[in-house]
Amino acid sequence: MTGENPPVPVHEITDPDDPRIADYRALTDVELRTRWEPPHGLFIAEGELVLRRALRAGYPPRSFLVDAKRTDQLADLDTADAPVYAATPDVLERATGFHVHRGVLASFHRTPLPAVTELLAAARRVVILEDVNNHTNLGAVFRGAAALGVEAVLLSPSCADPLYRRSVRVSMGEVFAVPYARLDRWPVGLDQVREAGFTVLALTPAPDAVPIQRLTPAQRERAALLLGAEGPGLTAAAQSASDVRVVIPMRRGVDSLNVAAAAAVAFWELGRDDPPFGGG
């Protein structure tokens with residue numbers, strides 16, 4: 001999405017209530033944003049790195065909103081005729097509800113989610129999340145998935161929105177790199193995962209669970225790691241619908257890890273025998 005492009009026209013915004021920047025109103029109000037963004041088919045990207053990754057992933061931009069001193073950061077972008085608005089830090093803060101310290105925001109159109117069957121057919125290792133509603137944890141799980149060889153994410157119906165601004169920011173834009181879909185029926189949707197050839201592994205701190213490093217090669221071959229929300233963990237119904245209950249062995253009396261940290265450890269363990277790969 002970069003290259004030699006004509007200069008991008010910049011529209012100055014002086015009123016935080018200007019209707020042209022309605023997409024960016026009250027970005028810190030989680031309840032308002034979760035009611036507004038998905039029904040209107042949009043999401044917000046914060047920071048230059050994240051918005052560039054959204055562009056590379058093929059999300060069509062609706063508009064850009066930047067600190068007036070940072071308009072040159074977009075000079076090389078193909079903005080696809082999406083308007084670029086610029087404002088002072090004070091106007092930005094009054095419009096969005098927070099200090100936009102990265103100085104660059106963008107509103108993007110959402111694209112249709114892939115079918116669950118499509119993701120399962122193309123993946124060898126997936127993670128399934130039940131009721132993960134903390135946006136920070138959700139973004140961190142996506143970042144770990146991208147880094148550690150997990151090829152798709154499946155969400156229970158009540159999971160948070162991966163394209164919410166905080167999730168996108170914490171993931172460093174990796175929510176655009178790892179495809180995801182929602183399992184509409186829960187937990188019976190896990191049958192669909194199993195029928196696609198996966199072994200569903202429910203991660204739990206239960207003392208009678210199988211230590212994850214002791215899984216057999218057959219159980220590792222096409223693994224679907226099932227994780228629950230911070231605190232309550234997996235429901236009994238989800239655990240019953242799994243194939244194997246697994247645990248990360250703990251020391252010093254610690255019973256569990258943060259869900260994103262546990263996910264990263266489990267992702268690494270499941271992929272430890274993968275062929276070497278480079279960074280990038």
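Tutor: The model is predicted: local features need pLDDT of at least 70, side-chain atom pairs count only at pLDDT 80 or more, and totals for chains, interfaces and linings use all residues. Residues are numbered from 1 along each chain as its sequence is written, and side-chain values use heavy atoms, without hydrogens and water.

Student: Why is alanine 26 called partly exposed?

Tutor: Buried means under 20% relative accessible area, exposed over 50%, and partly exposed in between (1.4 Å probe, protein chains only). Alanine 26 has 22% relative accessibility, so it counts as partly exposed.

Student: Why is aspartate 81 called exposed?

Tutor: Its relative accessible area is 79%. The cut-off is over 50%, so the label is exposed.

Student: What makes the phi of alanine 26 and of aspartate 81 worth a remark?

Tutor: Most residues other than glycine have a negative phi. Alanine 26 has a positive phi of about 50°, and aspartate 81 has one near 65°.

Student: How do you know that the peptide bond from tryptophan 186 to proline 187 is cis?

Tutor: Its omega is near 0°. Most peptide bonds are trans.

Student: What makes the lining of the second largest pocket nonpolar or charged in class?

Tutor: Ala, Val, Leu, Ile, Met, Phe, Trp, Tyr, Cys and Pro count as nonpolar, Asp, Glu, Lys and Arg as charged, and the others, Gly among them, as polar. This lining has 12 nonpolar, 1 polar and no charged residues. The lining of the largest pocket has 15 nonpolar, 6 polar and 2 charged.
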